[in-house]
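These are my notebook entries on a structure that is new to me. I set down what I looked up, in the order in which I looked.

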Amino acid sequence: MSRRGLLWMMMALLLSQVAVGPLDAHGPTRQKVTEKVEINAPAEKVWAVIGSFQDMNWHPAVASTEGNGGNTKGATRVLTLRPTGRIIEVLNNYDPGKSLSYEITAVDVKVLPVSNYTSTLSVEASGGKSVVEWKAAFYRGFLNNDPPPELSDEAAVRAIKGVFRSGLDALKAKVEAGG
Amino acid sequence: MTTVRGVRAGRLGVGSGLALVTIWATAMAMAQTAPLPVAPKLAEAGEALITNQTGDSLSVVRLSDFKVVAELAIDGKPAGIALSPDRRTAYVTSPEGKVVTIIDAISRKATGRFPAGKGPLGIAVNPVGGRVYVADWYQHKIMAHEPVTGRLVGEKSVGQSPSGLAVTPDGKHVLSADRDSNQVTILDADTLDLIGTVAVGERPFGVTVSADGRRAYTANVGSNDVSVIEVPAWSLIGTVPVGRRPYAVAIAQGRAFVSDQYAATVTVFDVATLAVVKIIPVGDYPEGMAADAAGRNIYVACWSANTLERIDAATLEVTGKVAVGDGPRAFGDFIR
């Protein structure tokens, strides 16, 4: 999904209220998405940009990050999105210089049509370059059989792929620009 | 750790109603007119049959050298699995396809399939007589099917979103983990009459009955613990905290092994004292678990890592990993 598509998706929601549905029911098929990008810069330089759980502002859809607990397990953050929408997340695992794993504890399906979402963002050195991998596991946003198209498995996968692709491409541009 | 693609069964088109009817009718006809011919012996026992939900396939892993020896295509997002009493026939649920596929484990071929409600996930086979029970996640009921033909012989409403199923070794009772009712329902395996319910932890997913038939264990995804149930008193006798989002339980050598999805660990506890003895790191999103017949090893399918991992039940060390298909779940009884 293009950045415009992502913004459009987020604009489609007007609910600023965050629905809480952590352990809600879900369909029987969990989805997975993995996206990668190769960046022409050492892994340390990439980690310097993505390595703080309290700062996800490198992603073009994130307007601001506020949170508590730094990079310790159990730390939380609230992502405020452009132009609107909020995602609340908790840090599950932190491996300095390498990876961070987190889950969404609250998001409206109109912001992101997923439930029971967990994710790992990692960077690995590859010669003088680095490869960033972003993986997620989640169920679709609709919790029962026969979902409406906007809350289907395909819609969930498409949305997450869009978020990942736009984020990784922006990350590559930012790091390679030598910021 | 390369995936060897061996026997690949023809893809059964769930989308094609005609194909489905034809296949089913063929299976029915075979069952009604003649016993199944004895297949040439291609596969020995000592295998793990791993449902790969994302990848729409079944990986066959030979346990002796821990290698993938075949991969069969099964569409409809296969997840649950159970084996016939003689361990020669596997029944695999496809929740998206809304069918159960019957697989001859000897020839490694899909031999038929039958429709099963709106969201078949958990599945179990009665070790006495071979009747097949399927949990319908969306319609909140348990369906009983005849072996081989898959003919529906009965159904019974249970709690919300039944997930894991287990049958007691004497073949008398079916247990259903009713995920969204925080309970286990016990049914008479023959009549499907309600025997009772037991309140357990939050969101029970997998349910396992011990080989001696005296205990049942549920992995509670919501409360991050395991409920221990005494059978046949059907009373809750203990709760064991485990890692985050536990999925399934396997028993061997007096210990319970629990797959903790979010923690990417297997928590091991002593079934007598209920004390945790070890937490073993495994691949991401460990899910289906089972012990081999001798109780020597525990096998766990890691959904995100795309691996099957082997844990020595005595030393509690991971002794092997093998790459399987995409998104392995192996939810149920998968070792033959």
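I began with terms: helices (H or I, at least four residues) and strands (E, at least two) are DSSP runs, numbered from the N terminus. On conventions, I note that residues are numbered from 1 along each chain as its sequence is written, while chains are lettered from A and ligands numbered from 1 in the order in which they are written. The model is predicted, and local features need pLDDT of at least 70, side-chain atom pairs count only at pLDDT 80 or more, and totals for chains, interfaces and linings use all residues.

**Entry 1: chain A as a whole**

I read the pattern of chain A along the sequence as α-β-α-β-β-β-β-β-β-α. That gives 3 helices and 7 strands. I then looked up burial, where a residue is buried if 20 or more other C-beta atoms lie within 10 Å of its own, exposed if 12 or fewer, and partly exposed in between, with C-beta atoms placed from the backbone. Of the 179 residues of chain A, 38% count as buried. Two residues are in contact if their C-beta atoms, placed from the backbone, lie within 7 Å. Of the chain A contacts between residues at least 6 apart in sequence, 58% join residues at least 24 apart.

**Entry 2: the sheet of chain A**

In what order do the 7 strands of the open sheet in chain A stand? I found E1-E7-E6-E5-E4-E3-E2, with antiparallel pairing; two strands pair if DSSP finds at least two bridges between them. Strand E1 (31-39) and strand E2 (62-68) of chain A are at the edges with a single partner strand each, so one side of each has no neighbour in the sheet. From one strand to the next, the twist averages 20°. For such angles, axes are lines fitted to C-alpha atoms, for helices over the stretch in contact, and angles run from 0 to 180 degrees between N-to-C directions.

I followed E1(A) to its partner, strand E7 (residues 129-140) of chain A: 9 bridges join them, and they run antiparallel. Here Lys36(A) is opposite Glu133(A) in E7(A). Helix H2 (residues 43-50) of chain A packs on the sheet and touches E1, strand E6 (114-126) and E7 of chain A, its direction making about 150° with that of E6(A). Helix H3 (residues 153-176) of chain A also packs there, touching E1, E6 and E7 of chain A, at about 15° to the direction of E1(A).

**Entry 3: chain B**

I turned to an open sheet of 4 strands in chain B, with the order E8-E9-E10-E11 and antiparallel pairing. Its edge strands are E8 (120-125) and E11 (152-157) of chain B, each pairing on one side only.

Is strand E14 (residues 183-188) of chain B enclosed or open? Since 5 of its 6 residues are buried, E14(B) is largely enclosed by the rest of the structure. Strand E13 (residues 173-178) of chain B pairs with E14(B) in the antiparallel sense over 6 bridges, and Ala177(B) is opposite Val184(B). In their hairpin, with 4 residues between the strands, Asn182(B) takes a positive phi near 50°. E14(B) is also joined by 5 bridges to strand E15 (residues 194-199) of chain B, again antiparallel. This hairpin has 5 residues between the strands, and Leu192(B) in the turn has a positive phi of about 65°.

**Entry 4: between the chains**

I finally looked up the interface: 19 residues of chain B are in contact with 11 residues of chain A.
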